[in-house]
Amino acid sequence: MCFTSRLAALYGSRVSTHVVRLADFNAAWEQSREAYLAAVDRVGRSGWLILGSEVSTFEADLARFWGLEHAVGVASGLDALEIAFRALGARPGDRFLTTPLSAFATTLAILRVGGVPVFADVDASGLLDLDAAERVVAATGPVRFVVPVHLFGHACSLSRLQAFCLRHDAQLVEDCAQAIGARSEGHAVGTAGRVCATSFYPTKNLGAFGDGGALLTNSVTLRDEARALRDYGQTDKYVHTRLGMNSRLDELQAALLRSVQLPLLSAQTDRRRAIAARYLAGLSHPRLTIPPVPAGSDSVWHLFPVLVAGDRERFRAHLKSQGVATGLHYPLLIPHQQAMQEAGHALAPAGAFPNAERFASDEVSLPLHPFMSEAECEHVVASCNSWEA
Ligand SMILES: *Cc1c(COP(=O)(O)O)cnc(C)c1O
């Protein structure tokens, strides 16, 4: 009997036909349907749809969860980054040190404030390499901002980031979109600079039923600046002191986030960690390498990356034939994206970011979400190990 039929015999027929997905929004809905509907009903009955008590209560709950004073809910992670930069006084022409390996949004936010992205290679974990960053700054000149990404749910070293920013007199804005709850040497990501940004895109560890994001800060000044910027630059009703944007988190999204998603986050993070531990212990294929968890990182495993030596697409086809979905993070580096040219930046030559390029060509993300069953988890491990490379 093949492995999948043995599992099917043990656990029912689900495994043999089921696609192990990268995320499972149906399961999320089924698990908490009553609570979601109750939250929607509460907003409907309140008759208040924009910037009301759901948003302010969620902001307070999120800030408490994070261990920071203030959260400001906005429309997306992209906007959270842009508003953070603007609140810190970013001006056109400012140079922003950042990573070539991330969602394009990280750099898009820099470009939207007229900033100049300055890329440094990543390390073996796939996160911004501060030694490479030192070399880039030495070769190309000072930067005003540093925008690291806690990629895959791993925490970059906050102490090293702070020391780097102090040495270079730069403002730190951590992109925490993939790493809510992650810790570096015991400190929550997002707490090393004056303001950080995160996303509630549905696939994120704290996902909304649509788009959303937030900035977090201990500064009342930055909080008030962000509140004005998300709401047309309004500081009082009909009083506009800046050129702001419309980037408000909806009452509905805030209600779902505060009543259902945020209370589940710690348990779901534990589940992610348990699945990752199973993968770390069980994956043994000689052609698969798991990028190391950064030193000091208590990761929240937004994604589970492996590097494939050999034909990545053949590995993905094998997993697909076993009913296992896979993702790529990210196959085309930001400095190689055509959109960079529209912003006046020449495309980086091949070979400029050897570590990031290795991720772009070899990385495959395995399914990892809190609704995966034990059987699905074992099935992913067995499917990877049974690849005939
Ligand atoms: C998802 C993501 C973003 C963008 O968030 P949106 O809410 O989709 O705008 C930014 N940075 C990283 C690292 C992300 O994963």
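Visitor: Leaving aside its neighbours within four places in sequence, which residues is Arg 223 in contact with?

Guide: The model is a predicted one, and what follows is computed from it. Arg 223 sits in helix α9, which covers residues 220–229. Once neighbours within four places in sequence are set aside, the residues in contact with Arg 223 are His 70, Val 72 and Thr 217.

Visitor: With which side chain does the side chain of Arg 223 make a polar contact?

Guide: His 70 is among the residues in contact with Arg 223. The polar contact joins the two side chains at 3.5 Å, and the partner of Arg 223 is His 70.

Visitor: Is Arg 223 buried or exposed?

Guide: A residue counts as buried under 20% relative accessible area and as exposed over 50%. Because the relative accessible area of Arg 223 is 16%, this residue is buried.

Visitor: Where does Ser 125 lie, and which backbone oxygen does its side chain reach?

Guide: Ser 125 belongs to the loop between β3 (116–119) and α7 (130–140), and with 5% relative accessibility it counts as buried. Beyond its neighbours within four places in sequence, its contacts include Phe 152, His 154, Phe 359 and the residues Pro 291, Pro 292, Val 293 and Pro 294. At 2.7 Å, the backbone oxygen that the side chain of Ser 125 reaches is that of Pro 292.

Visitor: What separation is there between the C-alpha atoms of Ser 125 and Asp 175?

Guide: Along the chain, Ser 125 and Asp 175 are 50 residues apart.

Visitor: How many aromatic pairs does a search of the whole structure find?

Guide: Ring pairs link Trp 29, Tyr 36 and Phe 209 into a cluster. Over the whole structure, the number of aromatic pairs found is 12.

Visitor: Among these, how far apart in sequence are the parts that the pair of Tyr 279 and Phe 304 ties together?

Guide: The pair is edge-to-face, with 5.0 Å centre to centre and 80° between the planes. Tyr 279 lies in helix α10 (residues 251–282) and Phe 304 in strand β14 (residues 304–308), so the parts tied together are apart in sequence by 25 residues.

Visitor: Is the aromatic pair of Trp 301 and Phe 304 stacked or edge-to-face?

Guide: Trp 301 and Phe 304 are both buried. Their rings are 5.1 Å apart centre to centre, with 20° between the planes. Since planes under 30 degrees apart count as stacked, the pair of Trp 301 and Phe 304 is stacked.

Technical notes: Residues numbered from 1 in each chain as written. Predicted model: local features only at pLDDT ≥ 70, side-chain atom pairs only at ≥ 80, totals over all residues. Heavy atoms only, no water. Phe/Tyr/Trp six-rings, centres within 6.5 Å; stacked < 30°, edge-to-face > 60°. Helix = DSSP H or I, 4+ residues; strand = E, 2+ residues; numbered from the N terminus. Buried < 20%, exposed > 50% of the residue type's maximum accessible area, 1.4 Å probe, protein only. Contact = heavy atoms within 4.5 Å. Polar contact = N/O pair within 3.5 Å; in protein donor to acceptor, adjacent residues only side chain to side chain.
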